Amino acid sequence: MDHPVTPPRERLRAAYLRDESEALDALIGEARLPAESARRVQDRARALVEEVRTRQKAVAGMQSFLREYDLSSQEGVLLMCVAEALLRIPDAATADKLIRDKLSQGDWEKHVGRNNSLLVNAGTWGMMLTGKLVSLDAVSAGNAGAWLARLAARAGEPVVRVALRQGMKLMAEQFVMGRTIGDALERSRSAEHAAYRHSYDMLGEAAFTAADAERYLAAYEHAIDAIAAHRVEGASSVFQRPGISIKLSALHPRYEYAQRSRVMDELVPRVQSLAERARRGDVGVTLDAEEADRLELSLDIFERVFASSALQGWEGFGLAVQAYQKRSPFAIEWLAEIARRERRRIMVRLVKGAYWDSEVKRAQMQGLSGYPVYTRKANTDVSYLACARRIIEAPDAFYGQFATHNAHTVATVIERMPAGQPFEFQRLHGMGDDLYDEVTRMGHACRVYAPVGSHEDLLPYLVRRLLENGANTSFVNRIADSTITVESVVADPVAAAQSNSTAANPKIPLPRDLYGERVNSAGFAFADDAASSPVLAKIASFASRPLGRVADATPADAHRALEIASKALVPPAPERAGILERAADLIEANGARFMALLAREAGKTLPDGLGEVREAADFCRYYAMLARRHFAQPEELTGPTGESNRLELAGRGPFVCISPWNFPLAIFVGQVSAAFAAGNPVVAKPAEQTPLIASAAVEILLEAGVPRDALALVPGPGETAGAALVSDLRTAGVAFTGSTATARAINRALAARDGPIVPFIAETGGLNAMLVDSSALPEQVVADVIASAFNSAGQRCSALRILCLQEEIAPRVIDILAGATAELRLGDPLRLDTDVGPVIDAEALHILEEHAAKMDREAKLICRATLPDALKGGLFFAPRAYEIASLDAIDREIFGPILHVVRFAAADLAAVVDAVNAKGYGLTMGVHSRIEDTVEMVRAKARAGNLYVNRNMIGATVGVQPFGGEGLSGTGPKAGGPHYLFRFANERTFTVNTAAAGGNASLIAGSE
Ligand SMILES: Cc1cc2nc3c(=O)[nH]c(=O)nc-3n(C[C@H](O)[C@H](O)[C@H](O)COP(=O)(O)OP(=O)(O)OC[C@H]3O[C@@H](n4cnc5c(N)ncnc54)[C@H](O)[C@@H]3O)c2cc1C
């Protein structure tokens, strides 16, 4: 960090993943009201809810439509899927497919008559759609289900598509104030908005490219000027005037913790210039709150701009704080300190938070020690109430802006607020209208968060709003649901939280308990300073030590290793499992050492290194679990009476494990731990390029208790040490990961032996493709393509090599891909801000350069990352993409960051899958499509071991996505899968004639 850290900031840091019960305990007292006040809050909240419910009965419209199709119904989910995709699909064929796909699945009939809404019943969508279609179908009022069913049957007709698109636009408009800032400002003058203030939000989410960021910057500038010019009668202070909300992620393509210094250099001036512009027009600016791992970065940016001399004396710069984050009370504490230091108030918008589901998923995937957010709704509410109190009680530091649609929350803020203290409520456009019509009548100010933009820009925002409206925990959903009593809608969250037997939600296990029977590997977020700083410091200390020296094993050494291994005593299965679990713990405990070694010996970036450490630990624990499950006890088999039959699994003898340099820790440990778990002594030959990592791993396995004789490390070239191991008749099996060519050579060598025929498990290369149709979201596609093709410098066997784009969305995807590739940073893998490290060696670099030269001649260069001058002459290769005319242009794996892009016509999708299959490889494949039929077609046709839908196609997780291919890509069984260990074992049956001693006593005894 480049600035001193104050105590509140220290507390904030320490609370990233705070234990939920500790966090809650600390807040309950602050959130609780005295009994008399709590009663008044209940009365006020109850009155508000009753009033809203009365009004809702009278009105019909989009709200009731959203309520009818909420997310607890399949139809609600289907409609959300249509809403998310339909408006952005450029071509009719794909739009029609999406419509057919989604509308044919739901049971629309059941929604008929359940709701009084005009919109739901008088021809459900008929109201939203063109009158043309309604009259065309002559839908009788009250028969919406039939209407939708008919619509589905007619999907493919242009009129249906047009009508649905219009319906979706109407749905979108529910949440958008205007297409342009001019429209939105104009609309703010209408009667429905007269009682409100506004904060305009320029739609569009994260920028992926520098051009996107420029575009958003210009949009914000234009909007600030327009808002400044917009006169609002009686609005004398910046608190009363309209303002603007800004998403930092829209202003910089790399707004990430790892890019902190670049972000501070480049993003701060942008925010600064916007804030100064806003000050000139007295337009209040609020920075939106985004993902948890961006919180600290946003606070740093906020502080820098807030404290700048240009903003001195102006109180129009503020930010949003998310109460669902455990760090929120400390954020408020810290902000108060900044405000007091600068001697002016900060506008703080207190929200609960809009990314809860993705925060929970990310924490699970990263194996964090806890969640950055609360896991019970009541806890989030308690946190909000405690934070609100802190804001209210610091009027010298804050102008409080309480953003909520929850009547109980509103009533509590009113109760706590001293008379005459300035503050405001906030609501989202299209939500909470009824509630706030009442609250503003009571004399309280309310501002509407007013999104501005076109329909395509709206989609991610729309999905968040649909989730919020549709979730059954959400207040807007509950207030509208007349089957829920008013009492329960306004229940006091403090009492609810206290009455829970556990503070944390037992339905959401901690990330480490995700897998039940085995512990998930421990990870950390680099943005979690308290967790990552000590690791980074350790890595730095390892990085300055000498790396190590290797003496290659000779063929004689290899034979000697097998000699020893063949006599080794391997402990029984339960003991082996215990050893492997200890090894997993030790690998994690040595994580920093491995990450340093992985960066220095194999060029792995720190996130890649962390991924490997976790995968290695997962392998150990997963195979330990399988060893206990299958190898500890024989399996009883059913047979005729008078006989007992058992099947048991036993080790085969010395297993040779030959691993690659691209996962020098994870695959090395994976092979060795599997062979050992199955009861075999192991002789391991690591790749020539990465023996030191293997040696460190062996040390750990021995320390964990693997008997010395049962594990030998034989570093050296494949042609000598490897060949000696494979040809030795004592070798009882070979597990290999590497190139198809080497696999063939090993296979031949094994075949040439005269001894027993032994198992050969090979995982080899792939020519992996991703298929993208026009229903996919281009930004999401590009994020996944960049990760799949360029992560680890493209040196993963799972890496994406061929991106197949439906021609209608190809230009947009290629455009973003080019911009996003330009943002990649090559460099020292020990630096956290490095995206792409070096390739493994000069030979690999040469092959890549040769292929690139060929592509330069034969294909069209789409983009290339910048190779800084300082890295030239080293082993760096700039990631790039080429457009090729057809799939014929490539038929072998090029192991590095070169992506090939090919376009296809919508009608040819199935043929593209066939063509990819025809290459003969079968490792990974990706699909991006919102159409289930399309995904299913690809699934049925694809010959690939791992198929990924709407995500990246790398980073298979042990036990979750067992990894391995077919065809030219490998023999199976899959590593990290339930069938893997069997291939390492002998199977033996044991049959005893229990009647041999004269008769079948047990049959006779138990016959009646
Ligand atoms: C003016 C305005 C501006 C906003 N700006 C932002 C912003 O910058 N950043 C942002 O993230 N959001 C922002 N929001 C969105 C806001 O987070 C949601 O609208 C808000 O959470 C809804 O809160 P509520 O009090 O209306 O609803 P409630 O229904 O009372 O609360 C919903 C909250 O509970 C949380 N929740 C649901 N289930 C659980 C659970 N099991 N465990 C823990 N928590 C749970 C939800 O995630 C949500 O945060 C803004 C909202 C408004 C009104």
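**View A. Helix 16 and its buried residues.** The buried residues of helix 16 are S328, P329, F330, A331, I332, W334, L335, A336, I338, A339 and E342. Here, buried means under 20% relative accessible area, exposed means over 50%, and partly exposed is in between (1.4 Å probe, protein chains only). This is a predicted model, so local features need pLDDT of at least 70 and side-chain atom pairs count only at pLDDT 80 or more, while totals for chains, interfaces and linings use all residues. Residues are numbered from 1 along each chain as its sequence is written, and side-chain values use heavy atoms, with hydrogens and water left out. Helix 16 runs over residues 328–342, and eleven of its 15 residues are buried, leaving it mostly covered. Helices (H or I, at least four residues) and strands (E, at least two) are DSSP runs numbered from the N terminus. From first C-alpha to last, helix 16 reaches 21 Å, close to the 21 Å expected at 1.5 Å a residue; that expected span is 1.5 Å times one less than the number of residues.

**View B. Helix 30, tucked away.** Helix 30 covers residues 666–677. How many of its twelve residues are buried? Twelve of the twelve are, so helix 30 is largely enclosed by the rest of the structure. Those buried residues include F668, Q671, S673 and F676. The end C-alpha atoms of helix 30 sit 16 Å apart, which agrees with the 16 Å its twelve residues should span at 1.5 Å a residue. G679 follows helix 30 and has a positive phi, near 100°.

View C. The ligand is surrounded by 31 residues, and the closest are G353, T404, H405, E468 and F475. A residue counts as near if one of its heavy atoms lies within 4 Å of the molecule. The shell splits into twelve nonpolar, ten polar and nine charged residues. Several elements each supply at least two residues of the shell, namely strand 4 (317–322), strand 5 (346–351), helix 18 (377–392), strand 7 (423–428) and helix 21 (455–470).

**View D. Backbone atoms around the ligand.** Which residue has a polar backbone atom 2.5 Å from an oxygen atom of the ligand? That one is F475. On the nitrogen side, a ligand nitrogen is 2.8 Å from a polar backbone atom of A289, and a ligand nitrogen is 3.4 Å from a polar backbone atom of Y374. The protein covers 93% of the 960 Å² of accessible area that the ligand has on its own. Accessible areas come from the Shrake-Rupley method with a 1.4 Å probe; for residues, only the protein chains shown count as cover.

**View E. Aromatic pairs.** There are 13 aromatic pairs in the structure. Rings of Phe, Tyr and Trp (its six-membered ring) pair if their centres lie within 6.5 Å; planes under 30 degrees apart are stacked, over 60 edge-to-face, and the rest tilted. F302 and F317 have ring centres 5.0 Å apart and planes at 5°, so the pair is stacked. F302 lies in helix 15 (residues 295–306) and F317 in strand 4, so this pair ties together parts 15 residues apart in sequence. F302 is buried at a relative accessible area of 0%, and F317 counts as buried at 0% too. F425 and Y436 make a tilted pair, 5.8 Å centre to centre with 50° between the planes. With F425 in strand 7 and Y436 in helix 20 (residues 433–441), the pair ties together parts that are eleven residues apart in sequence. Both F425 and Y436 are buried. Elsewhere, ring pairs link F619, Y622, Y623, F655, Y980 and F984 into a cluster.

View F. N379 is found in helix 18 and counts as buried at 1% relative accessibility. A polar atom of the N379 side chain lies 2.9 Å from the backbone oxygen of A503. D833 sits in the loop between helix 35 (810–822) and helix 36 (842–858), and is buried with a relative accessible area of 7%. The side chains of D833 and R831 are joined by a polar contact of 2.8 Å. A polar contact is a pair of N or O atoms within 3.5 Å; within protein, one must be able to donate a hydrogen and the other to accept it, and residues adjacent in sequence count only if both atoms are side-chain atoms.

Methods:
Nonpolar A, V, L, I, M, F, W, Y, C, P; charged D, E, K, R; others polar.
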